[in-house]
Amino acid sequence: MTEHQHPDGESNATAAQQWDETYRGRPRMWSGQPNPQLIAEAAYLPPGTALDLGCGEGADAIWLAGRGWMVTALDVSAVALERATAHAQENGQGANIEWVQQDLATWVPAQLFDLVTAQFLHSTVMPWQQALQLAAAAVRTGGTLLVVGHHPDGLPPWGQHHAPERFYTAEELARELGIEAPEWGLDVADTRHRSIIGPDGEAADVTDAVLRATRMEAH
Ligand SMILES: C[S@@+](CC[C@H](N)C(=O)[O-])C[C@H]1O[C@@H](n2cnc3c(N)ncnc32)[C@H](O)[C@@H]1O
């Protein structure tokens, strides 16, 4: 596992150690519900193979599997994946999801996918461009890339959201990932506002950066 310097300079913990510690801080970190932009953008796609990068506690992977997708769900945190596996079994989707514990800093995709989704993959230890270029590289010709992140102007008030370099607009994302013709068709580059409930039950308005694109040419 790669060693990472924590942004505050105090720790050389790996990404896995940092995220495991974060997850251990709460019996459940996320809502258990699939992300709304995933539902909005993927509900009408014909099922095939899907890769969920930074899958966390597994709600998106379980939703996709329930709609007929064969899902590979990757996260660096073994604690998150243990919970995700249990949730999938409770939901009868255990057989349709392969859980992969890997650090994106060293992971190389072994296959291409019909859908690659990355939802709020805001790493504290690697540039978002690096993580999301991996996502784009794993989309097969004719497949879909879906990236959703916190827009820098609409961050949740909780959590460690003080590092502006960790966040992007959909336009920045498209530019940095080279999402343009003829290799890509840009289907959605959007800024969307919504209300959410935070981990301690607090309400907040947040903004999502949403990018959906279709790979048009082989790479
Ligand atoms: C903000 S959470 C989002 C989880 C999930 N996608 C969701 O929306 O509920 C970010 C996830 O990315 C994972 N992650 C962060 N850095 C990673 C890395 N270098 N390799 C793999 N996963 C990573 C974390 O463990 C965490 O589960």
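This is a predicted model: local features need pLDDT of at least 70, side-chain atom pairs count only at pLDDT 80 or more; totals for chains, interfaces and linings use all residues.
Tutor: A residue counts as near a molecule if its C-beta atom, placed from the backbone, lies within 6 Å of that molecule.

Student: Which residues come nearest to the ligand here?

Tutor: Trp19, Gly54, Gly56, Val76 and Leu104 do, out of 20 residues around the ligand.

Student: How does that shell divide into nonpolar, polar and charged residues?

Tutor: The shell has 11 nonpolar residues, 7 polar ones and 2 charged ones.

Student: Now the fold. How many helices and strands are there in the protein chain?

Tutor: The protein chain has 6 helices and 7 strands. In sequence order the pattern reads α-α-β-α-β-α-β-β-α-β-α-β-β.

Student: How do I read the packing of two helices?

Tutor: Two packed helices are described by the angle between their axes and by the distance between those axes. Here, helix H1 (residues 15-24) packs with helix H4 (residues 78-90) at an angle of about 55 degrees, and their axes are 7 Å apart. H1 is therefore oblique to H4.

Student: Which residues make the contact?

Tutor: On H1 they are Ala16, Trp19, Asp20, Tyr23 and Arg24; on H4 they are Ala78, Val79 and Ala80. By class, the contact of H1 with H4 has 6 nonpolar residues, no polar ones and 2 charged ones. Trp19 of H1 belongs to this contact, and Trp19 is also among the residues that come nearest to the ligand.

Student: What about the backbone: which peptide bond is cis?

Tutor: The bond from Ala181 to Pro182 is cis, with omega near 0 degrees. Pro182 sits in the loop between helix H6 (170-177) and strand S6 (184-197).

Student: Which residue has a positive phi although it is not a glycine?

Tutor: Phe120, with a phi of about 60 degrees. Phe120 is in the loop that runs between strand S4 (113-119) and helix H5 (128-137).

Student: Why does Phe120 count as partly exposed?

Tutor: Because Phe120 has 15 C-beta neighbours inside 10 Å; a buried residue needs 20 or more, and an exposed one has 12 or fewer.

Student: And the overall dimensions?

Tutor: A compact globule of 219 residues would have a radius of gyration near 17 Å; the protein chain has 16 Å, which agrees. Along the principal axes, the C-alpha trace spans about 45 × 40 × 35 Å.

Student: What percentage of the residues count as buried?

Tutor: Of the 219 residues, 37% count as buried. As for contacts between residues at least 6 apart in sequence, 67% join residues at least 24 apart.

Note on methods:
Residues are numbered from 1 along each chain as its sequence is written. Helices (H or I, at least four residues) and strands (E, at least two) are DSSP runs, numbered from the N terminus. Axes are lines fitted to C-alpha atoms, for helices over the stretch in contact, and angles run from 0 to 180 degrees between N-to-C directions. Angles under 35 degrees count as roughly parallel, over 145 as roughly antiparallel, 65 to 115 as roughly perpendicular and the rest as oblique. Two residues are in contact if their C-beta atoms, placed from the backbone, lie within 7 Å. Ala, Val, Leu, Ile, Met, Phe, Trp, Tyr, Cys and Pro count as nonpolar, Asp, Glu, Lys and Arg as charged, and the others, Gly among them, as polar. The radius of gyration is taken over C-alpha atoms; the globule rule is 2.2 Å times the number of residues to the power 0.38.
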